[in-house]
Amino acid sequence: MLKAIFSILVFPGFLFLFIFSFVAEYVDRKLCARFQNRIGPPWFQPLADFIKLASKEEIIPLEADVTVFKLVPVFALTASIAAILYIPIGGERAAFSFNGDIIVVLYLLTIPTIAYFLGGWYSRSVYSMIGAVRSLTQLFAYEVPLFLCVLASALLADTWSLSEMANFYNHHPGYWFFNILGFAIALISLLGKLEKVPFDIPEAETEIVAGVFTEYGGRLLALLRTSLNIETVVGASLFTAVFLPFGFNLHHPAAIFLLYLVKVFSIIAVVTLLRSLFARLRLDQMINFCWKYLAPLALVQVVANLILKGILPR
Amino acid sequence: MHDPGEVKIPIGPQHPALKEPESFLISLHGEKITASSVRLGYNHRGIEKACEERTYIQDLYLIERICGICSHSHSTCFVQAVEEIAGLEIPTRARYIRTLISELERIHSHLLWLGVAGHEIGFDTLLMYTWRDREAVMDILALLSGNRVNYGINTIGGVRRDIKPEQKEKVLKAIDILEERTKYYIGLAQEESTILERLSKVGTVSRQDAERLGAVGPTARASGIERDVRKDDPYAAYAELDFKVITSDKCDVYGRTIVRLGELMESYSMVRQLIQKLPDGPITIKAPRKIPAGQAVSRYEAPRGEDFHYVRSNGTEKPDRVKVRAPTLANIQAVSKMLEDGYLADIPIVIAAIDPCFSCTDRLISLRDAEKQSKNVVTWESIRLKGIEWYKKQGIDFTILNKKLAESF
């Protein structure tokens, strides 16, 4: 019981993610600034932004549904935090695991997007509503390839549990390499999930101000931003477990944890690189791209893994 | 009939895509634009009227502040009209310096536009890169004129600052850097797939439509119209320079990008020619304080298109009438056409593609009652009376003072 509370509140739950998300935001912003030939923010900037926002007045639009409007950031935040409990970080074992937790994690990671949709929709502002519809439309485009890729990796390991998957790949070194195509597709889908350029269509600043976040401010916006950052960290952690499951048998637990951090920051660095390389796509172009290229390629990965499963020694 | 799926979305007067207040009311069906309307007049500053109250020299500095980007364009256009009325022939060296500043201004304006266009399509890296490179030309302008914008180099009868030999070296060095960087951007615009996706076939306006709607500058040239005041009606030193008018038959935002990038390359070559050919001699001739009665029209190819000034003088030291038609006013008509059958996501880049400068454009305010939708024109006299009434209420009353003043004469 005590261990469970510790997991939820301290590690790998709330406190750890909270600090980790600030570091991740700093790394993302600093790297992006360097890629764009800027100096970038100092290390405490994400924390300073959080404190500033948290101390500001909370303004809720008259026409908005107050309950939903206030609950949305909390929903988004808790769903992301809950997901990390089933993802193995710093070793083969997650804090909790059962057969089928892959599905739970994937759906927990979908909840923030649904929450943003609700928040935008009940803000009752045109910009928010268009942003809400866009984020939901985009969800249907990137979700399928993302799920297929994670599924492909699970198929090869023949399990529905993330911890067992990590265990399988650890005992069959080199097998993770067969999922490299899936990893690439999943990374691109992750850009859509995290609403980053070229898929930042739901919050396209020059078109619809801030999309679903337009009417949010103060504490609620601080929570929303943190939930987006935590989503980044959790998404990257999921990828380390699914697509980069190696190095779990190092001697020291600290070394394993360090390797995990290196993997997460590498994924964040790749995401940042991609987001500073492209222009924002239009919604129809994005959906075309996902269904025309990403989804078929993800299917190729699934079929390939089904065949590999029969050929490779277990 | 009311379409249940229709959403009306306001772009402006306050919106992140617009750098100046202007209102576009867009009707959307899903992501598709079904109708659009433009409303001007949020940034009227009454500069034309104010010009009538000031001397020609004072007007020069006021006119320069019509626009923050093409400040030299407006001041040159105005000063050319005044010189024509006064019958002044300015020295060749002055003409060359004016042209040099105007081409440097075009370089800084087009680089600024490229960055803004990048930002509008969510490509912030391009914004950061171009604006970093733009600093090179800003430094040169500061070196030559003392200011980054609002150069204050023109005066009636010539220019106020000379160019020293060591300054020439620095200009040429900066131009070399900028040329190399611009070649990189041209390559980027031709190869980067997301840029091509976002700019091609967006905001199209055919050659016929562009001509019918009176588009000017890069907007017209991107629709295949070879229209450039520098070639058609050469002013300053343009008749002695060798340059091409860049056109494109793409008719879309991509064409406008290519035209502007091509013009940058032409400007670099022009700056080199100007530096090389710069003749010796005086930079100014004496101009009379009172300009003889008459009227003149002056045209100038600003970075955004043809700038047009009309000046009428009545023999005093103040002009009788000054009329400014900024290039954006000519191009804004085409925007509604460009937005037809477009997507919501294309609105910012389509508006940005004409390189709008709304505060230069606004020539009047029409006050509209939001509830009654009635229009109401306010005359100069009624504004004056309203001002007097308003100050009376604050306890400031000049009527007695004015009466005493009138009696003492």
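Colleague: Which residue of β3(B) stands opposite L28(B)?

Modeller: Opposite L28(B) stands I33(B) in β3(B), where a strand is a DSSP run of E with at least two residues, a helix is a run of H or I with at least four, and both are numbered from the N terminus. This is a predicted model, in which local features need pLDDT of at least 70 and side-chain atom pairs count only at pLDDT 80 or more, while totals for chains, interfaces and linings use all residues. Residues are numbered from 1 along each chain as its sequence is written, and chains are lettered from A and ligands numbered from 1 in the order in which they are written.

Colleague: What makes β2(B) and β3(B) a pair?

Modeller: Two strands pair if DSSP finds at least two bridges between them. DSSP joins β2(B) and β3(B), residues 32-39, by seven bridges in the antiparallel sense, so they meet that definition. Their hairpin has two residues between the strands, and there G30(B) takes a positive phi near 65°.

Colleague: How do you know that β1(B) and β2(B) pair as well?

Modeller: Six bridges join β1(B), residues 6-11, to β2(B), and the two run antiparallel; P10(B), for example, stands opposite L25(B).

Colleague: Why are β6(B) and β8(B) said to stand at the edges?

Modeller: The open sheet of three strands has the order β6-β7-β8 in chain B, with antiparallel pairing. β6(B), residues 294-302, and β8(B), residues 319-325, each have a single partner strand, so one side of each is left without a neighbour in the sheet.

Colleague: What makes you say that helix α3(B) packs on the sheet?

Modeller: Helix α3(B), residues 71-86, touches β6, β7 and β8 of chain B, and its direction makes about 150° with that of β6(B). Contact requires C-beta atoms, placed from the backbone, within 7 Å, and angles run from 0 to 180 degrees between N-to-C directions of lines fitted to C-alpha atoms, for helices over the stretch in contact. Helix α12(B), residues 327-339, also packs on the sheet, at about 130° to β7(B).

Colleague: Which residues touch the most other members of the largest nonpolar core?

Modeller: Among its 191 residues they are A83(A), I87(A), V105(A), L162(A), I97(B) and V350(B). Such a core is a set of buried Ala, Val, Leu, Ile, Met, Phe, Trp, Tyr and Cys residues joined through C-beta atoms within 7 Å, and buried means 20 or more other C-beta atoms within 10 Å of a residue's own. Leaving aside neighbours within four places in sequence, the contacts of V350(B) include V202(B), V253(B) and M338(B).

Conventions:
Two residues are in contact if their C-beta atoms, placed from the backbone, lie within 7 Å. A residue is buried if 20 or more other C-beta atoms lie within 10 Å of its own, exposed if 12 or fewer, and partly exposed in between; C-beta atoms are placed from the backbone.
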